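Subject: Structure for you to look at

Hello,

Here is the structure I said I would pass on. Please open it first, then read the notes below it.

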Amino acid sequence: MDKFIINGGRQLRGTVNISGAKNAAVAILPAVLLSGGVCVIENVPQIKDVTIDLKILAHLGADIRLLNKSAVRIDARRIRNVPIPYELARHIRASYYFLGALLAKFNHAKVSMPGGCDLGDRPIDQHIKCFKSLGAESVIEHGMVEISASSLVGTQVYFDKVTVGATINAMLASVKAQGLTILENAAKEPHIVDLANFLNSMGADIMGAGTDVIKIRGVKSMCETNYTIIPDQIEAGTYMVAAAATKGDVIIKGIIPKHLEPISSKLRKVGAQVVESDECVRVIGATEYERTNIKTMPHPGFPTDMQPQFAALLVLAKGTSILTEGIFDNRFRYVEELRRMGADISVDGKVAVIEGVERLTGAQVKAADLRAGAALMIAGLSASGTTQVEEIRHIERGYEDMDLKLKALGADIVKRKFPDVEVMARVG
Ligand code: EPZ
């Protein structure tokens, strides 16, 4: 069981380069199977979620070749429609994007129910609603989702709630349907736009991505393409907050400033300096921070994927801050761990009330999920003393080389391998 060991209290200083966006990559990679040809995808982040996606593509018959650390060549000419088993699908939530892609290519798909971060109830009813509206039948049994259609016909879908996953799956499923599909109340995240741009580069006809109405006119065939994934706004936001929490001075490079607006404005609100230029943003920390209130919302609201990381900053702000989680049922699993470091947080349902404290102290803590782990890393960087972060496999699902990037910014951090306690017990 690997751990990150952090000796906190050092200011982060220097420049960090942001990798490709995880949530764009895990939507674009399944879509490659629609090309029926050879695609080269660049700026692919080197993270565990991508590794799983590439394993699933190989399981379906794709030939995968890593061209360098962040580029992959995928030959989808021999893709076959076989079920995607639990052993592969259970690792990530995004495995369910293969439902939409395989349905569009073969009018049939069979994929194990998805895994991913435990953030409370995460149903897939809106995905199924869209597949059925396109003319597919859906059966869920033995842990597998099977959808099939004699043909897919364009339709109009109004999502009961804004959902990134269902918007992406609906785009994938309808891209070769007969006629026009209109998605209303669609999600508007940057990775929705990136997927639409990728699909259009393969010959799809999608308009309106990034707004709440997306129109997809079905096409008969699609072709191979080369494509570069957008930078990860959540990875960037994580380093921005880490710079502020350590009162440092960090340049975050290779970003799209517009994607960071909700994060930049909140950091300025609490007292950090945020200076934007074309492809980078500089965050200069303050000696102390003001309280603020945050409610996470669908894009362009404050992103839920930045909520835990921002909490790790607000625990040091003067006064009382209120964090309302507007998207998921239970995204406060990091709170207990921050309390072990001296944070004063109370949680009632979807609301966390944070009383700022003078400082945090290092402790042994456990990452419950990807962004909870990121929050603990930020807390460990700002705390006095040593913090051991366990279960870092969650962190490595979505952050490329986080320890190396932090070390390059002056953090005192090492990754240690520890034998599993269970293994030690057996060894006696
Ligand atoms: C995606 O998850 C991201 N994951 C999440 O990022 C992100 O937090 C989330 O979108 C919101 O931005 C990937 O892209 C792989 P949703 P997803 O469908 O698609 C409910 C991270 O840290 N809902 O937008 O699962 C759902 O329960 C991860 O990178 C339904 O009720 O999110 C949630 O309450 C964590 N029925 C809300 O909608 C459905 O059919 C938003 O979910 C689908 C969703």
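In which loop does proline 300 lie? Proline 300 is in the loop between β17 (293-295) and α10 (307-314). Helices (H or I, at least four residues) and strands (E, at least two) are DSSP runs, numbered from the N terminus. A cis peptide bond, with omega about 10°, joins histidine 299 to proline 300.

Some background before the rest. This is a predicted model, in which local features need pLDDT of at least 70 and side-chain atom pairs count only at pLDDT 80 or more, while totals for chains, interfaces and linings use all residues. Residues are numbered from 1 along each chain as its sequence is written, and side-chain values use heavy atoms, with hydrogens and water left out.

The whole chain

The protein chain contains 15 helices and 23 strands. Its radius of gyration is 22 Å, close to the 22 Å that the globule rule gives for 428 residues, so the protein chain is as compact as a globular protein of that length. That radius is taken over C-alpha atoms, and the globule rule is 2.2 Å times the number of residues to the power 0.38. The C-alpha trace spans about 65 × 55 × 40 Å along its principal axes.

Of the 428 residues in the protein chain, 56% are buried. Buried means under 20% relative accessible area, exposed over 50%, and partly exposed in between (1.4 Å probe, protein chains only). Among contacts with a separation of 6 or more, 73% are between residues 24 or more positions apart; contact means heavy atoms within 4.5 Å.

Helix α2

Helix α2 (residues 48-59) has 12 residues. From its first C-alpha to its last, α2 reaches 16 Å, close to the 16 Å expected at 1.5 Å a residue; the expected span is 1.5 Å times one less than the number of residues. The buried residues of α2 are Asp49, Val50, Ile52, Asp53, Leu54, Ile56 and Leu57. Their cover includes α1 (22-31), β4 (63-68), β5 (71-75), α3 (86-89) and α4 (97-106). Glycine 61, which follows α2, has a positive phi near 105°.

Asparagine 107 is in the loop between α4 and β6 (108-112), and its phi is near 60°, a positive value in a residue other than glycine. Because its relative accessibility is 23%, asparagine 107 counts as partly exposed. Glutamate 391 is not a glycine either, and has a positive phi of about 60°. Glutamate 391 sits in the loop between β22 (386-390) and α13 (393-396). At 17% relative accessibility, glutamate 391 counts as buried.

Methionine 240 belongs to helix α8 (residues 233-245). Its relative accessibility is 0%, so methionine 240 counts as buried. Not counting residues up to four places away in sequence, methionine 240 touches Ile252, Leu260, Ile263, Ser264, Leu267, Val274, Val281 and Val283.

Serine 112 is part of strand β6. At 4% relative accessibility, serine 112 counts as buried. Leaving aside neighbours within four places in sequence, serine 112 is in contact with Ile84, Pro85, Tyr86, Ala89, Gly143 and Met144. Serine 112 and glutamate 87 are 25 residues apart in sequence and 8.6 Å apart in space, C-alpha to C-alpha.

Regards
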